[in-house]
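Look at the picture first, then read the points below.

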Amino acid sequence: MIGPIVAKLGVLKAGKLLPQQDQREVALHYVIGVLCFLACMAAMVVMASDRAAHGWSRDIRAEVTVQVRPTGLESGSIAAAKAAEVLAGVKGVGQVTALEPEKAKDLIKPWLGDAVLDDLPIPNLVEVTLDQRHPATTQAMMNALTDASIDASIDDHSTWLKDVEQSALTIRLISLGIFFIIFSATGAVVGFATRAGLTARADIVDVLSLCGASDIFIAERFQWRFARMAFESGLLGAGLAGAVMALIKATGSSQSFAIALPFSWSDLLILIPCPFLVALIGALTARMVTLRLLAQHD
Amino acid sequence: MAFHGVSLGYDLGMPKTLAAGLNEDDLILKNLNFELPAGSFHFLTGPSGSGKTSLLKMIYLAQKPTTGVIELFGETIRPHDRAQTAGLRRRLGIIFQDFRLLEHLNVFDNAALPLFVHGAHFHEYHDDVTELLNWVGLKNRLDAMPNVLSGGEKQRLAIARAVVTRPTLILADEPTGNIDYAMGLRIMRLFIELNRLGATVLIATHDEGLVKASGMPVLELRQGQLFQRDVSEGVR
């Protein structure tokens with residue numbers, strides 16, 4: 001006799017005191033899912049932009065360009081070759097290449113065109129690739145060139161580096177800002193839904209309160225309800241963001257996109273905590289809003 | 001439970017929290033001073049609109065008095081202390097005129113609700129709740145939802161929920177209003193039994209027959225004042 005009864009008495013036994021979800025909560029699921037998707041995308045953009053910025057900085061730092069000015073009757077090519085030989089002997093210098101005049105012309109061509117190049121003095125350039133672990137300093141290279149009586153100037157691309165790092169920092173900050181704005185929006189949405197939920201279930205809250213339920217007990221019902229809902233929505237949003245990223249990666253996105261935002265499979269790891277974070281935000285917001293509303297109810 | 005100089009006034013349906021500006025005519029309960037000794041049994045009677053429900057509401061802390069002090073279980077009620085309110089309500093069993101059952105919970109869960117709220121586990125309360133529901137004649141309706149219950153069944157369920165925790169003070173607002181006379185007497189026997197076990201009972205009712213049949217003392221509300229009478233003696 002007791003068996004079938006117990007089977008039907010699952011609601012309180014399972015601790016589910018609030019009614020099953022209604023239509024409002026379906027819409028809320030959707031909104032939180034979309035917000036979590038956007039937050040996840042922003043998080044992955046932060047990671048990819050960080051990676052891009054590091055890559056660009058590393059590339060720029062790894063190379064310097066030396067412009068050699070020939071002295072006396074020395075030809076430009078000979079002066080460049082001499083400078084290359086001196087620089088190759090500096091500790092922390094990797095590969096050194098004196099650029100042929102033709103190659104230097106090729107570098108200038110896109111800006112000046114063919115017509116005037118023959119009339120212009122073409123700079124004598126030496127490309128220096130630095131040892132990545134222990135790179136030579138600009139000062140050490142300059143000292144070596146001065147000691148060898150070579151008139152040269154070194155461009156370590158520091159102006160570019162500053163710009164690149166500044167741009168990367170800006171992108172990171174904007175993405176992080178978007179990430180936090182989206183999560184705060186999630187909190188606001190849950191707060192709004194909690195208010196609506198409390199109003200819609202005022203009868204339940206009243207009965208619980210009259211049965212001696214403390215405010216914390218009531219807040220916990222809403223807290224767990226919204227935590228679960230936010231987690232499910234977060235899972236959906238994070239899954240969708242992961243799918244979009246995988247699609248971009250798998251379809252071999254265009255070269256320029258891959259350079260600007262070089263996604264990595266490891267970026268998917270950032271998606272794992274997102275549903276938990278959304279659930280935490282949902283739980284805390286629901287708890288705080290419920291407690292505040294119950295206190296105001298007094 | 002004791003009232004010390006308790007008055008209650010309403011203005012456009014909203015309770016006044018300050019005595020300032022209140023006329024005597026605004027008060028529906030006027031300067032009530034009375035005590036319900038622990039373990040006593042009283043009926044609360046009076047014409048419609050005399051303030052019976054409001055008086056009960058003040059005792060179960062759903063209504064703040066306009067003036068005066070209420071003591072419950074030896075504690076002075078602090079109107080804005082929600083933790084105290086929750087603690088005191090745990091010792092109350094309340095039967096509402098409108099039942100206040102939760103529509104999404106079945107009969108068993110509605111009856112077990114206070115125990116669940118008090119932190120009891122299913123296996124701890126299952127047998128007691130089943131037995132109580134059997135006693136009030138809802139044995140075969142354990143898994144029914146409130147919307148399919150008759151008025152009388154709802155009333156019996158509301159009574160079962162109110163007494164399931166064996167409360168120290170039972171407050172009932174027209175507990176026999178929707179049930180037949182025989183069931184009414186049976187419910188009264190339950191209250192008397194709980195009273196014998198130590199519970200204080202206060203029942204607001206219109207049912208003079210029930211009052212006379214029980215022979216218990218009566219508190220009568222008239223024009224905002226409370227009068228005590230014994231059934232045999234009439235109004236004092």
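Domain bounds come from an automatic or database domain assignment. On that basis, chain A is divided into domain 1 (19-57 + 162-296) and domain 2 (72-149). The centres of domain 1 of chain A and domain 2 of chain A, taken over C-alpha atoms, are separated by 53 Å.

This is a predicted model, in which local features need pLDDT of at least 70, side-chain atom pairs count only at pLDDT 80 or more, and totals for chains, interfaces and linings use all residues. Residues are numbered from 1 along each chain as its sequence is written, while chains are lettered from A and ligands numbered from 1 in the order in which they are written.

**The sheet in chain A**

- Helices (H or I, at least four residues) and strands (E, at least two) are DSSP runs, numbered from the N terminus, and two strands pair if DSSP finds at least two bridges between them.
- In chain A, 4 strands form an open sheet with the order β2-β3-β1-β4 and antiparallel pairing.
- β2 (93-98) and β4 (151-155) of chain A are at the edges with a single partner strand each, so one side of each has no neighbour in the sheet.
- On average, neighbouring strands of this sheet are turned by 25 degrees against each other, direction ignored.
- Strand β1 (residues 63-69) of chain A runs antiparallel to strand β3 (residues 124-130) of chain A, and 6 bridges join the two.
- A:E63 has A:T129 in β3(A) as its bridge partner.

**A helix across the sheet**

- Helix α4 (residues 76-88) of chain A lies across β1, β2, β3 and β4 of chain A, at about 20 degrees to β3(A).
- For such angles, axes are lines fitted to C-alpha atoms, for helices over the stretch in contact, and angles run from 0 to 180 degrees between N-to-C directions.
- Two residues are in contact if their C-beta atoms, placed from the backbone, lie within 7 Å.

**Where the chains meet**

- Chain B brings 25 residues to the contact and chain A brings 19 residues.
- On the side of chain B that touches chain A, α2 (82-89) and α3 (107-117) of chain B each supply at least two residues, and α3(B) gives the most, with 7 residues.

**Chain B as a whole**

- Chain B has 7 helices and 12 strands.
- The C-alpha trace of chain B spans about 55 × 40 × 35 Å along its principal axes.
- Of the contacts in chain B with a separation of 6 or more, 69% are between residues 24 or more positions apart.
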